[in-house]
Amino acid sequence: MGNDLLPGTLDMLVLGSLTRGPRHGYGIAQHLKKISEDVLDVGESSLYPALQRLLLNGWVTAEWGASENNRRARYYKLTASGRKQLAAENREFDRMILAIQKVMSCA
Amino acid sequence: MRLIRRLLYFFRQGRQAAELAEEMDFHRQMLEQESGDRYTANRKMGASSLAREDAHAVWFPIHLDSLWQDLRVGLRMLRRSPGFSILAILCLTLGIGANATVFSWIEGILFRPYPLVTHQERLAAITGTARGEAGHTGISWPDLLDLQKNCTLVDSFIVTKIMGTTLSLGDRAERTLGSIVSANYFDAIGVHPILGRGFEPGEDAGSKAHPVTVISYQLWQSRFKGDPATVGKMQRLNGIEHTIVGVAPEGFLGTFVGWGMQFWVPASMEETFEGGPYKLEDRSARWIEAYVRLKPGVTLEQAQQEMSAVARRLETDFPATNRGRGMKLWPLWQTPFNNAGTLLPTLGIMLAVVVFVLLIACANVGNLLLVRSFARRHEMTVRVAVGAGRGRLVQQLITEGMILSILAATSGLLVAHWCRHALVLLFPARGGVAMTLPGEIDWRVLALSAGVCLFSTLLLGLLPALQTRKIDLAGALKSEMSGVVGGAHGKSLLRSTLVVLQVSLSFLSLVGAGLLMQSLQRIRNLNPGFSTKGVLETAVDLRGAGYELQRAIHFNEELLDRVKALPGIESAAFARNTPLSYGSYSSSPIAVDGYQPPPDEQPTVEYNQVGPGYFSTIGIPLLSGREFTRADNETAPPVAIVNDVMATQYWRGEDPVGKRLQVKGQWRQVIGVAKVSKYQSVRENPKPFFYLPLRQDSTAGTALNMRTHLPTETIASALAREVHALDANLAPYEVITLQEQMDRSTSPQRVAVTLLGILGGLALLLATIGLYAVMSYAVSQSSRELGLRMALGAGASDLLRQVMSRGLTLTAAGITLGAAAALESTRLLGNLLYKVSPRDPLTFASAFVVMTIAATAACFLPAWRATRTDPARILRD
């Protein structure tokens with residue numbers, strides 16, 4: 001579940017899942033689950049608030065469109081400032097992982 | 001950006017919620033499809049209503065849904081402790097009510113002073129200026145016409161000159177105020193008569209050419225009983241029959257701060273009311289008071305630039321009359337020729353002081369809330385323990401603050417509503433005409449009061465909210481015992497800070513009130529240069545009764561003989577103007593042999609026209625020469641008496657008696673030097689001034705001065721009999737002593753002192769209550785410590801000293817802070833101070849003593865209670 005992630009990580013993962021193009025909420029959840037080989041199973045109680053946060057910050061925009069099975073679905077698209085934010089979070093995340101690895105290797 | 005997005009979300013809440021529901025529904029159906037069964041899908045999704053709330057909360061972190069619940073809890077809390085609630089609401093009512101009242105005064109007197117007049121934000125006052133002289137002058141009619149022709153940034157010039165007449169109602173003569181106005185007046189201010197018409201173009205030209213008048217609604221009701229056929233009737237004003245052409249709408253009072261107008265006449269009738277020669281073609285007669293209405297979007301500075309350019313052109317075109325003359329625009333609230341100017345500093349200071357009172361009141365209520373939040377610590381802790389977020393707690397506390405503020409704001413606005421016309425009560429009627437100083441509670445006042453309410457809500461809600469940060473769940477739940485020493489430390493610091501703030505603010509108010517009181521005292525004790533005791537003053541308005549000049553002079557001489565024959569009258573004399581009255585003096589360009597003025601200046605000096613025996617009657621000493629006699633009449637050689645300041649300035653200290661003085665182009669012989677006295681205001685600096693004999697300046701005196709030792713009432717009734725005997729239709733005005741006249745002229749000071757005294761007292765009272773509450777609370781909280789100390793042998797006096805010293809330390813800190821603030825800020829009292837330094841040590845010392853006594857009293861009761869602690873009981877509990 002997303003709740004166990006480091007704070008702010010879910011927002012980064014959602015942003016990351018949108019780099020290849022717009023996805024709807026269900027699509028994002030599926031994508032995260034598939035890529036992480038079922039480790040990250042994000043429920044709507046964390047996914048939708050996270051999407052609202054991204055909207056509020058202007059990192060994504062939402063637009064209604066047709067889904068694969070021709071149903072109405074809301075697609076989220078990365079904005080320019082969203083891309084910038086993702087890059088910044090990526091760097092920060094790498095730094096953090098490196099730091100954690102260093103500490104753990106000394107433990 | 002985030003704020004804008006938040007707002008967009010807020011306005012499309014319904015649609016946003018529907019969209020969110022739809023997309024979550026889609027999500028759920030996809031999951032169902034994937035797993036093939038609804039149960040798994042639901043389990044995986046979790047509670048979707050919670051998710052929706054969480055998603056909504058991202059945008060709008062305030063829990064609106066729970067607001068109603070908070071309101072109910074808050075109201076229940078208030079009902080449960082009525083003592084607290086009443087005290088808190090009372091404190092806040094005082095704070096908010098005082099603010100709203102002063103807002104309504106400022107709005108009604110300074111910013112929107114003229115009921116029914118449209119677009120007052122584009123009105124500005126205009127006056128003339130004279131190079132090398134401070135202050136302002138009137139404007140001449142020809143200059144005004146030239147300004148009107150050449151100023152492109154101004155919509156209209158609105159002439160409005162206050163004057164008066166006497167209307168008799170039965171056997172009582174009543175002073176009635178009116179305005180001499182330009183013909184465009186009613187159109188330009190956007191006020192339309194309810195009956196008849198306003199003035200027509202051209203009615204403001206020609207000498208006495210258009211005897212027409214528009215009367216006020218009030219006059220229409222009182223004299224004409226609201227008769228619809230009033231228009232077209234005749235009304236005698238100053239001896240001339242005027243046709244009533246219109247009736248102004250109800251509530252329209254004209255355009256003069258302080259007094260309501262009862263009738264209006266066009267400028268062509270000016271001579272009838274002001275006397276003297278025809279002025280509409282005289283460029284040197286600067287008699288007009290006027291406003292301009294700026295075109296939309298034009299700033300005062302732009303208009304001023306254009307105005308000054310036109311004035312410079314007039315200077316070159318008409319050097320004889322306009323050399324050194326300029327034009328100046330004033331924002332409406334600084335209008336120099338009505339009471340706006342005198343009230344401005346008073347209202348400014350009031351505004352500062354009511355803000356102090358509000359802050360002190362908020363600090364008091366904040367303190368009360370802190371005490372309660374301490375008592376509710378357990379409740380808060382339990383709430384946190386069962387899962388309330390800190391945000392929810394803060395919201396609950398702010399809601400409670402809001403309930404208090406809204407209740408207080410409502411009652412505060414009621415207070416303001418009752419007090420909105422109260423300012424006028426502090427001003428005495430002058431010359432029998434009561435002032436009108438209406439407050440105005442409009443949307444701007446309401447909005448400001450709402451702002452004050454919001455401010456106090458946040459202050460009140462956030463103070464206890466600060467405490468929720470310190471809630472230590474485990475610790476607090478474990479023990480019921482309030483940790484006085486450790487836990488309460490932060491809070492007692494906050495409470496102490498509030499008390500220090502209160503003490504400093506009320507000290508500041510005390511110093512302000514003290515300084516104004518000292519000024520008033522100095523003004524009261526000031527020697528105006530004439531006798532204030534034993535001299536009575538009154539007036540008979542002959543022009544208003546339609547007397548021609550010769551008839552008026554004859555009447556006055558007869559009346560004077562009769563008055564002098566009255567028992568108890570030592571001497572009596574007429575003058576055109578009484579010192580320190582509202583009426584303005586005449587002024588004239590002067591020339592003196594051997595005195596060379598600077599090249600671009602025209603020396604102009606004010607003068608009064610006085611009758612024989614004036615100086616001995618009013619008690620102005622003559623330094624040399626003689627005073628006017630009956631022999632100084634129309635046929636005698638022209639003479640003048642100058643004051644010593646003028647002698648020094650123009651004759652460089654030589655005795656001017658026997659020398660020449662040119663007044664209005666005519667040479668006169670100086671026959672005496674009078675000692676300088678106060679002419680227009682007690683606060684004016686000694687200035688050059690001269691006197692002409694009444695009979696040599698073709699004017700009839702209106703002000704009658706009488707020297708007597710008899711009481712005012714005796715003289716008043718005797719005088720009324722004499723006037724009545726001469727003309728049954730006439731009655732004199734109110735008879736007053738010159739002391740009374742002087743007191744009336746200092747009413748702005750007295751009003752400032754009264755108001756600041758009231759508010760200063762209020763501030764002191766609130767601060768004392770605050771100090772008392774803090775000390776009582778401190779004592780009740782440390783009863784265990786006090787008991788221990790007693791058990792260990794501390795005497796009552798030790799405890800008394802300990803508690804007192806704590807309270808007095810707070811007081812000392814507050815006084816120090818307040819004194820530092822006062823040293824920096826009292827100079828802002830500026831004009832209201834008279835011969836008192838803004839850092840007057842005596843005032844600071846007095847404020848210190850008063851504050852210390854109040855603080856000692858506030859601390860003593862709790863301290864005394866501390867000494868009554870029963871150690872045995874405390875230690876047993």
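This is a predicted model: local features need pLDDT of at least 70, side-chain atom pairs count only at pLDDT 80 or more; totals for chains, interfaces and linings use all residues.
Student: In what order do the helices and strands of chain A run from the N terminus?
Tutor: The secondary structure of chain A comes to four helices and three strands. Read from the N terminus, the order of these elements is α-β-α-α-β-β-α.

Student: Which strand of chain A pairs with β3(A) over seven bridges?
Tutor: Strand β1 (residues 23–24) of chain A pairs with β3(A) in the antiparallel sense, over two bridges. The antiparallel pairing over seven bridges is made with β3(A) by strand β2 (residues 60–66) of chain A.

Student: Which residue of β3(A) is the bridge partner of A:Ala62?
Tutor: A:Ala62 has its bridge partner in β3(A). A residue of β3(A) also stands opposite A:Arg23, namely A:Tyr76. For A:Ala62 the bridge partner is A:Tyr76.

Student: Why is strand β3 of chain A described as largely enclosed by the rest of the structure?
Tutor: A residue counts as buried if 20 or more other C-beta atoms lie within 10 Å of its own. Across chain A, with 107 residues, 32% count as buried. Strand β3 (residues 72–78) of chain A is largely enclosed because its buried residues number five of the seven.

Student: Which residue in the hairpin of β2(A) and β3(A) takes a positive phi?
Tutor: The hairpin has five residues between the strands. The positive phi, near 65 degrees, belongs to A:Asn70.

Student: Which elements of chain B give two or more residues to the side that touches chain A?
Tutor: The contact involves 21 residues of chain B and 16 residues of chain A. Elements giving two or more residues to the chain B side are α1 (2–11), α2 (13–35), α3 (38–45) and α4 (48–59) of chain B.

Student: How many residues on the side of chain B that touches chain A are nonpolar?
Tutor: That side of chain B includes three polar and six charged residues. The nonpolar residues number 12.

Student: Is B:Ser268 buried or exposed?
Tutor: B:Ser268 is found in the loop between β8 (263–266) and α10 (270–274) of chain B. Leaving out residues up to four places away in sequence, the residues it touches include B:Glu203, B:Lys208 and B:His210. B:Ser268 has 23 C-beta neighbours inside 10 Å, and therefore counts as buried.

Student: What distance separates the centres of domain 1 and domain 4 of chain B?
Tutor: Domain 1 of chain B covers 2–61, and domain 4 covers 489–528 + 741–877. Taken over C-alpha atoms, the separation of their centres is 58 Å.

Note on methods
Residues are numbered from 1 along each chain as its sequence is written. Chains are lettered from A and ligands numbered from 1 in the order in which they are written. Two residues are in contact if their C-beta atoms, placed from the backbone, lie within 7 Å. Ala, Val, Leu, Ile, Met, Phe, Trp, Tyr, Cys and Pro count as nonpolar, Asp, Glu, Lys and Arg as charged, and the others, Gly among them, as polar. A residue is buried if 20 or more other C-beta atoms lie within 10 Å of its own, exposed if 12 or fewer, and partly exposed in between; C-beta atoms are placed from the backbone. Domain bounds come from an automatic or database domain assignment. Two strands pair if DSSP finds at least two bridges between them.
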